[in-house]
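Hi everyone, thanks for coming.

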Amino acid sequence: MSTSSFVCTLPPLRPPFPLRILPTVVHDHVHANAAQSSSGVALPLGSTAKTGAGGGTGVSSIGGSSSSGGSGGSAGASAAQEATVPFSVLSSETTSTTFAGQAPSVCSDVGWGHVGSQMLVAAVPWFFMSVGGLAVLSLAPQRAAAARSNLQRFECGLASLGLGPALAVLMVHAMQCFFFAVRASTGIVDPLYYALETIGSLYVLIDVSAKWSYVVSSGFVAVVRDAFTGPLILDLLVCTSIIGVAIRGFGDVGLTWWSFNFLAALRMMRVVQCLQRGDTSLGQWRRHVAYNIATMVLFVFASAASVMTFEILETPRTRGGDEDPVWDLFPSVAFVCMTMLSIGSSSLAPQSVFGRAFAVCLIAWSCHHLATKVAPIARDLLLGKNFGLNTYRPSPNQRHVVVVGTPTGPMLWDFLLETFHPNHFESAMDFHKDAPNVVILLLEERTLMHMRMFLERREALWFRERVVLLRGDAFRPEDLGRAAVSSAERVVVLPNLCVADVAGGGAPENYGHLPPWRPRAPPPC
């Protein structure tokens, strides 16, 4: 698979305000040499060749208006057209999207020169941040340790401050992943997308700096671990990825559409894991399933972009690889999904050494993830382990009673029979109108399963739809909110009356969160 020989230049961004963000458009020496070889006229840098009907050749400069021609040049100037130089001029199909009157630029595929130059850009802030962190810990270790309590809120960066900043970080990284997908599919760099990604990269820089400040306050071990094992390197590769689009790779290989911004998916996985650790409520099991699904989707995207990059780079290539498939982002996603599901595909397979090694690691990771994440969720769904983790949402005109404590299944059954006894209601209409809903909030799962068996009896036909079984702790505000205690008509506390020591059976230690109560000796007189 051979990479294209065309190069990429970013067009100038001319917003309404006098600010230049992107570099000026110039044609590469490759285009000038191609035009010179076809016309025999030496073209200066920044000029394009034009041929007319008379066979003459004209030269027009991008920055100026001067033109010259050979024999028949005056006749050809009236019908001048740009010379056909492969990939040097945007076609009408690629110039359909413009921003501030400028067309996006066609770019070359990625090479090892681009990868090396972009890694060098990220190495500069990595060096200063690592050396600066070690210097702070060496010169002022006590101040760094004292600031740790204040910097604890930046343990996961800005995402640790709350749901709003976390969503902002996720939106910026999602924008970076979207722009990478667009560039990988079209092979062009749109100026509007480039400007938006530049603004988003500033927010990512603030996030990386906030997290690094907490790491520095954690000591030498934390600084060395984050600086050399990957977290800081990943953060800076994503943060400086916007610069990689605007610089040429080593060896004068031109500009490319590729950058390390696809690694933002890995940082999104980190934010999702931070949100999942902070969500400890038992009732949000659907949210935890959503966390795992989001993690899987982000991992598939990052893996597909990595495989596509290895295959576009080509070298080093395995022996005997005669096939030359076209690796795009979406075929790479399909390949990663089929590999993780152990399906396989004969139409698309990596040929490079790094691509095949990554596929082997991908299979190992998918087996580990299926065994540790997916299998427990499927087991809980099949065995009913998620029973009682929902939330009760009261209607405006419906009363409800919350039952807590340590009762047994028969005690709760007797309580329900008494609450919904027909003697308390004059007619079926009164029962439908006045009978309350009963929300049972217990920590013991076995009691809830016992109650579900009771509710399957024929005697519970009248009121089984009015009983809600929730698993939770009465001493947790999150679980009390799931039971809507604030809007309940009354709260009934039922102890376990089937034990010899009633006080011990209903003691607070059975809830699992409060220490056992011990009487204190009276103070001396």
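This is a predicted model: local features need pLDDT of at least 70, side-chain atom pairs count only at pLDDT 80 or more; totals for chains, interfaces and linings use all residues.

Residues are numbered from 1 along each chain as its sequence is written, and side-chain values use heavy atoms, with hydrogens and water left out.

So, how many salt bridges does a search of the whole structure find? There are 11, taking a salt bridge as a side-chain nitrogen of Lys or Arg within 4 Å of a carboxyl oxygen of Asp or Glu.

One of them pairs Lys211 with Asp226, at 3.1 Å from N to O. Lys211 belongs to helix H7 (residues 191-217) and Asp226 to helix H8 (residues 220-228), so this contact ties together parts 15 residues apart in sequence. Helices here are DSSP runs of H or I, at least four residues, numbered from the N terminus.

Are these two buried or exposed? Lys211 is buried at 12% relative accessibility, and Asp226 is buried at 8%; buried means under 20% relative accessible area, exposed over 50%, and partly exposed in between, with a 1.4 Å probe and protein chains only.

Asp226 also forms a salt bridge with Arg225, with closest N and O atoms 3.8 Å apart. Arg225 is partly exposed, at 44%.

Next, Asp479 and Arg482 form a salt bridge at 3.0 Å between the closest N and O atoms. Both sit in helix H18 (residues 477-482), 3 residues apart, about one turn of the helix. Asp479 is buried at 0% relative accessibility, and Arg482 is buried at 3%.

Finally, salt bridges with shared partners link Asp207, Asp235, Arg267 and Arg270 into one network.

Key. Helices (H or I, at least four residues) and strands (E, at least two) are DSSP runs, numbered from the N terminus.
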